[in-house]
Amino acid sequence: ITKERTMSKKAKLIVDGEEYEFPIVEGSEQEKGIDISSLRAESKLITLDNGFANTSTCQSGITFLNGEEGILRYRGIPIEELAANSNFLEVSYLLIYGNLPTPEEYHSFEKQITEHTLLREDLIKFYDGFPRDAHPMAVLGSIVSAISTFYQDGLDPKNKDQVDLSIIRLMAKLPTIAAYSYKTSIGQPKIYPTNDLDYCSNFLKMMFAVPSEEYEVVPEFVEALNLLLILHADHEQNCSTSTVRLIGSSQANLYASISGGINALWGPLHGGANQAVIEMLHEIHDNGGDVDKFIEMSKDKSNPFRLMGFGHRVYKNFDPRAKILKDACDKVLEKIGVSDPLLDIAKSLEEKALNDPYFQEKKLYPNVDFYSGIIYSALKIPTDMFTVMFAIGRLPGWIAHWKEMNENKGTKIGRPRQIYSGENLNHYVPMNQRDKKKAA
Ligand code: SDX
């Protein structure tokens, strides 16, 4: 748990002549926050902060990001170093357990995961109940919640052994669950995991192999997938991670909390943006590549259209992940020997938007979702599976935050306040005395 560093300084609040003081808490990267835990008890006041844009819900030692400077670090290690040197399982271990694993720790983690990739045969029957065109995020969230019914004696969030086994099971089975939802949607036989393949190779095989022929793992695909999963592994208190923490704060089990995170990630403003970016690029391509028209549309307040893959709640500079992915796009496409007209459109869109005063003034830059879809497409991953890929990448981050929250003795159940703005005291009116006009 992070060392709480409390500054000697305090914050003063003066309301109606009354003066209140609150401690200022400083984090290990010199971020400062006003601790208002006693605000309501002392002043009867509460705060209002739409979208929690100015509110931290916890102190966390997992991921540090600085949106102004475009910095992202997992347990202090810059994302650029991890992207260049690590692999997804090692990064997952780092996020969940707090340190880079020793060779023994790594091999034990990998072996346990490898030996838990199978789904119970009864669970596989669940897939027959979904319509063929079910969105794979709906399937993913449902199956992750359902899977806990097979481990009813292993759900106690305060039991370390049960939590550790649940972590292994989720890390191991999410790729299988995802690949099975894809195979079901195309009416192909499900491909069982293979224990002699590494994590990413196993997933690609489950996605694209068919029983009637040998499947050849393409090393470039495996390298690209590792990079994508590393870049998506955590991002501090984003919408879906905050959801996982809030559900977990009621002491709901890990599967229930992760299922909630999957559903929060599905939204087009969050993890669903990578699917929306490709759909947008296709639309621009089908419109003869008229990039300017879409940039103008995204600036028109009367038009709900936004430039998907652009803008970020925290990054008011380049998203470092987008920079890494932009470079990777060229390399991956060249290695794989494909050219994608959508990449040319994406680059033209980025260049024009970055030189547009509207985007400059609002500090809107490409985010992680802007380029990821181009690489997923090169790996032959279907568009409606893009957000599922984001979920597979973000799983270790969700787990790490849930674990940190549960291990923090100071954690309380999350229960925000509100400012009530509805009717004052009102009374029941019998049906035959209600005036339809007034009701309307
Ligand atoms: C992810 O939080 C995380 O860390 C998320 C994530 C992670 O790893 O978990 O990084 C992953 O979700 C990345 C974001 C993916 N979403 C998109 O690409 C969808 C498009 N982007 C936007 O919807 C928007 O930028 C958000 C939702 C990402 C951020 O929205 P905010 O912080 O609430 O900002 P805002 O909507 O208030 O926008 C500020 C201004 C507004 O104009 P004004 O009302 O001030 O005049 O910028 C405009 C917005 O209209 N704006 C855009 C825009 N994004 C913001 N205008 C055009 N196109 C856009 N994409």
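In this predicted model, an N or O atom in the side chain of Tyr-358 is 3.4 Å from a nitrogen atom of the ligand. This pair and two others are listed below as polar contacts (pairs of N or O atoms within 3.5 Å).

| Residue | Atom of the residue | Ligand atom | Distance |
|---|---|---|---|
| Tyr-358 | side-chain N or O | nitrogen | 3.4 Å |
| Leu-307 | polar backbone atom | nitrogen | 2.8 Å |
| His-270 | polar side-chain atom | oxygen | 2.9 Å |

Of the 1,000 Å² of accessible area that the ligand has on its own, the protein covers 78% (Shrake-Rupley method, 1.4 Å probe). There are 24 residues around the ligand, and His-235, Leu-307, His-312, Arg-321 and Arg-394 come nearest; a residue belongs here if one of its heavy atoms lies within 4 Å. The shell comprises nine nonpolar, eight polar and seven charged residues, with Gly counted as polar and Pro as nonpolar.

The largest nonpolar core has 118 residues, and Ile-258 and Leu-281 have the most contacts inside it. Such a core joins buried residues through side-chain atoms within 4.5 Å. Leu-281 touches Leu-342, Ile-345, Ala-346, Leu-349 and Ile-374, leaving aside residues up to four places away in sequence (contact: heavy atoms within 4.5 Å).

Zero disulfides are found in the whole structure, a disulfide being two cysteine sulfur atoms within 2.5 Å. For Cys-58, the nearest cysteine sulfur belongs to Cys-239, 15 Å away. Cys-58 counts as partly exposed because its relative accessibility is 26% (buried is under 20%, exposed over 50%, partly exposed in between; 1.4 Å probe, protein chains only).

Residues are numbered from 1 along each chain as its sequence is written. The model is predicted, with local features needing pLDDT of at least 70, side-chain atom pairs counting only at pLDDT 80 or more, and totals for chains, interfaces and linings using all residues, while side-chain values use heavy atoms, without hydrogens and water.

Terms used. Polar contact = N/O pair within 3.5 Å; in protein donor to acceptor, adjacent residues only side chain to side chain.
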